[in-house]
Amino acid sequence: MIVGERKPIETIMSYLEGSENILLAGCHGCVTVCCTGGQKEVDVLASVIELARRRKRQACKITKMTLERQCDPEFLDELIAKAKDYDAILSMACGAGVQLIAEKVGSTRVFPAIDTNFIGAIQEKGFWSERCQTCGDCKLALTGGICPVTRCAKSLLNGPCGGSRNGICEINAEIKCGWQLIIDRLEATGCLDQYEVIVEPADWSKSRDGGLRKLIREDLK
């Protein structure tokens, strides 16, 4: 899932300077799961903004709305219809949701309330860690289901580099060597022979061609 965290309140307040009528939009997608932009977080942020404005004796009216998904036009109709009634829209979705709303609401200003950090997994309550950099050329079948681009500090497709010691990366004593994890996994699954396979350079044109990446399924259109 996409993992993010709320921006500092000082940053958010600077975005809203001069805006009195604000639409605060949450999302029931990934940001709800990582406790960053769901209904609960919308309610909390609305209260914080109202209190900050009250302390400065500045007018403020906040309308709260939490959409099923901000990254899907199917769920934006209500927000788009109301957008012209507000000075600004503050989105608590990921960067994709913020941008899609900005594309749809004309001249109404749209601001992000959270920083989108990475695609990750839940380790334990309150702890998420990165698992994928969306490179568009997945090598997981060759590396025991462990991503070398993400888990190796140097993103080596063929490793380890020789700088690790006792399974720890030379860059930081708190970082496990990604390639040691891969080797251990291949050995545990009886696939250590795959380690001898030289992984070809990634086809970065699939994800870094200088334009917007697109995925089109003709069977679904």
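**First stop: the cavity**

The largest cavity holds about 100 Å³ of space. A cavity here is a set of points on a 1 Å grid over the protein atoms alone where a 1.4 Å probe fits but cannot get out. Grid points are joined across faces, edges and corners, and the volume is the space filled by probe spheres set on the points. Searching the whole structure turns up 1 cavity of 30 Å³ or more.

Before you click on: this is a predicted model, where local features need pLDDT of at least 70 and side-chain atom pairs count only at pLDDT 80 or more, while totals for chains, interfaces and linings use all residues. Residues are numbered from 1 along each chain as its sequence is written, and side-chain values use heavy atoms, with hydrogens and water left out.

Now select Cys152, Ala153, Cys161, Cys169 and Cys177, which lie nearest the centre of the largest cavity among its 14 lining residues. Lining residues have an atom within 4 Å of a point. The lining splits into 8 nonpolar, 3 polar and 3 charged residues. In this scheme Ala, Val, Leu, Ile, Met, Phe, Trp, Tyr, Cys and Pro are nonpolar, Asp, Glu, Lys and Arg are charged, and the others, Gly among them, are polar.

**Second stop: two rings**

The count of aromatic pairs is 2, taking rings of Phe, Tyr and Trp (its six-membered ring) with centres within 6.5 Å. Show tyrosine 15 and phenylalanine 111: their ring centres are 5.5 Å apart and their planes sit at 10 degrees, so the pair is stacked (planes under 30 degrees apart). The pair links distant parts of the chain, 96 residues apart, with tyrosine 15 in helix α1 (residues 9–15) and phenylalanine 111 in strand β5 (residues 109–112). Helices (H or I, at least four residues) and strands (E, at least two) are DSSP runs, numbered from the N terminus.

Buried or exposed? Phenylalanine 111 is buried at 14% relative accessibility, and tyrosine 15 is partly exposed at 24%. Buried means under 20% relative accessible area, exposed over 50%, and partly exposed in between (1.4 Å probe, protein chains only).

Pick aspartate 72, in the loop between β3 (61–67) and α4 (77–82). Aspartate 72 is buried at 18%, and its side chain makes a 3.1 Å polar contact with that of arginine 69 (N or O atoms within 3.5 Å, one able to donate a hydrogen and the other to accept it; residues adjacent in sequence count only if both atoms are side-chain atoms).

Finish on lysine 82 in helix α4. A 3.2 Å polar contact joins the side chains of lysine 82 and glutamate 78.

Technical notes: On a 1 Å grid over the protein atoms alone, a cavity is a set of points where a 1.4 Å probe fits but cannot get out, and a pocket is an open set with protein on both sides within 12 Å along at least five of seven lines; lining residues have an atom within 4 Å of a point. Rings of Phe, Tyr and Trp (its six-membered ring) pair if their centres lie within 6.5 Å; planes under 30 degrees apart count as stacked, over 60 as edge-to-face and the rest as tilted.
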